[in-house]
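Dear colleague,

I am handing over the structure we spoke about, and below it you will find a summary of what came out of looking through it.

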Amino acid sequence: MAESTKTATLSFDDKTLELPMFSPTEGPDVIDISKLYAQGDVFTHDPGFTSTSSCESTITFIDGAEGVLLHRGYPIGQLAEKSHFLEVCYLLLYGELPSAAQLEDFETRVTRHTMLHEQMVNFFRGFRRDAHPMAIMVGVVGAMSAFYHDSTDINDPWQREVASIRLIAKMPTIAAWAYKYHIGQPFVYPRNDLDYASNFLRMCFAVPAEDYEVDPILSRAMDRIFTLHADHEQNASTSTVRLASSSGANPFACIAAGIACLWGPSHGGANQACLEMLREIGTVDRIPEFIARAKDKNDPFRLMGFGHRVYKNFDPRATVMKQSADEVLDLLGVEDNPTLQVAKELEKAALADPYFAEKKLFPNVDFYSGIILEAMGFPTSMFTPIFALSRTIGWVSQWKEMIADPKLKIGRPRQLYTGESQRDYVDVENR
Ligand code: CMC
């Protein structure tokens, strides 16, 4: 727990309050207003939480001005280059990089939990045949609460651990099966001899009629996409998971809530929306038209994959993703990809435009991820499920950190009420 080292003075009406302040390891100081209502009979008002720290955490740090993203202190660029997804999962979940033995043990535990209870197949079959894979994921992950009763007691650290491993291990199977169901192909079961990313690719692309060899280049690219999306401190879906968990709800229900929140186009749904936008633009000569639309306040259109609440200089994940897009397309022998061409020219045109510079809008992680996923053979409807799969470790780690805190309180924001004051009910014949 951080120590209060100084105070902030808040004066209003005839009151003056001294509020404790805390200094984080990195980032701006925070003013603790938790006693403000009790002491001053006022609330703070911050819709969208642009200036509010909602919790104390040791997992991820972002410096939006400098384009820094650290997981447990390690820069995302180093993790993307030198580590791999399951090692990053261990780091996020337990706080330190694993020894070789710890990593082997963790990988074995994850690998042994990749199967789904066979009855869960019935849940998949209940969906309309062309259901969006995100719709299936929200439902099936929530339904895990109905199967894994031995890991829903959040007060038992062992059950919390089992639930965490189950979620990390089963999410690729759920995402791949959501895809298979969506396209009408038979489910492919996980294989224990494959690594996490290869297993996912095989479950997505193998068919019973022929063997499927996982291309190590694609597997590495997939693993990097997982790593780049692993955690992002208190974003909308993570905050949703934390808020849902604060009531004591079981972990599967809470992660399903996170998946639902991620689906929106302002958040995880942006990768699908971005590729659809790039395709709609189609050719470089149409870029000015779309830039003009994005700047027009009377047009709801926004440049998808552009802008971020926290990053105001560059998104370090986007830098790695852009390099990956070049590498993957090159390695796959995809030459003159028109979508990549449009993306690069659009990025250049937007960065040279004063509107985007003034508002500090830069490409985010989702600007280039869709191009890689498309080149790998995924349809756009799978982009957000892949984000959900990758972010599961972040949600689980933040959930675990929160539940272990003995001072956990239910989340309960207040409001600035602008409705009617009390009035008397009027009988229907007199209205
Ligand atoms: N295109 C055009 N204008 C934009 C865009 C954009 N992509 N993003 C923000 N703006 C403008 C916005 O109109 C506003 O202008 P004004 O001040 O004149 O009203 C200003 O920039 C600030 O925007 P905001 O919506 O108040 O900023 P925010 O921090 O609330 O929103 C955002 C952040 C990511 C939701 C937003 O930039 C956006 O909608 N981007 C497109 C969707 C997207 O790519 N989302 C993925 C985010 S990264 C992955 C993830 O974390 O899930």
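**What was found**

Strand S4 (residues 60-63) and strand S5 (residues 68-71) run antiparallel and are joined by four bridges, where helices (H or I, at least four residues) and strands (E, at least two) are DSSP runs numbered from the N terminus, and two strands pair if DSSP finds at least two bridges between them. Ile-62 has Leu-69 in S5 as its bridge partner, and the two strands make a hairpin with four residues between them, in whose turn Gly-67 has a positive phi of about 70°.

This is a predicted model, in which local features need pLDDT of at least 70 and side-chain atom pairs count only at pLDDT 80 or more, whereas totals for chains, interfaces and linings use all residues. Residues are numbered from 1 along each chain as its sequence is written, and side-chain values use heavy atoms, with hydrogens and water left out.

**Domains and the sheet**

The protein is divided into domain 1 (4-53) and domain 2 (54-404), with bounds that come from an automatic or database domain assignment. Their C-alpha centres lie 34 Å apart, and seven residues of domain 1 are in contact with four residues of domain 2, contact meaning heavy atoms within 4.5 Å.

Three strands form an open antiparallel sheet in the order S1-S2-S3. Strand S1 (4-12) and strand S3 (30-31) stand at its edges with a single partner strand each, so one side of each is left without a neighbour in the sheet. Strand S2 (residues 15-22) pairs with S3 in the antiparallel sense over two bridges, and Phe-22 has Val-30 in S3 as its bridge partner.

Ser-11 is found in strand S1 and is exposed, with a relative accessible area of 51%; here buried means under 20% relative accessible area, exposed over 50%, and partly exposed in between (1.4 Å probe, protein chains only). The side chains of Ser-11 and Thr-16 are joined by a polar contact of 3.5 Å, that is, a pair of N or O atoms within 3.5 Å, of which, within protein, one must be able to donate a hydrogen and the other to accept it, while residues adjacent in sequence count only if both atoms are side-chain atoms.

**The annotated residues**

UniProt, in an unreviewed entry, places the feature "active site" at His-308 and Asp-366; its positions are given in the numbering used here, feature names are shortened, and annotations may be inferred rather than shown by experiment. Although spread over 59 residues of sequence, these residues cluster in space, with a largest C-alpha distance of 10.6 Å.

His-308 lies in the loop between helix H13 (287-295) and helix H14 (316-331) and is partly exposed, with a relative accessible area of 22%. Not counting residues up to four places away in sequence, His-308 touches His-232 and Arg-317, and a polar atom of the His-308 side chain lies 2.9 Å from the backbone nitrogen of Val-310.

Asp-366, by contrast, is buried, with a relative accessible area of 4%, and its place is in helix H17 (residues 366-376). Leaving out residues up to four places away in sequence, Asp-366 touches several residues, among them His-229, His-267, Asn-271 and Cys-274.

With best regards
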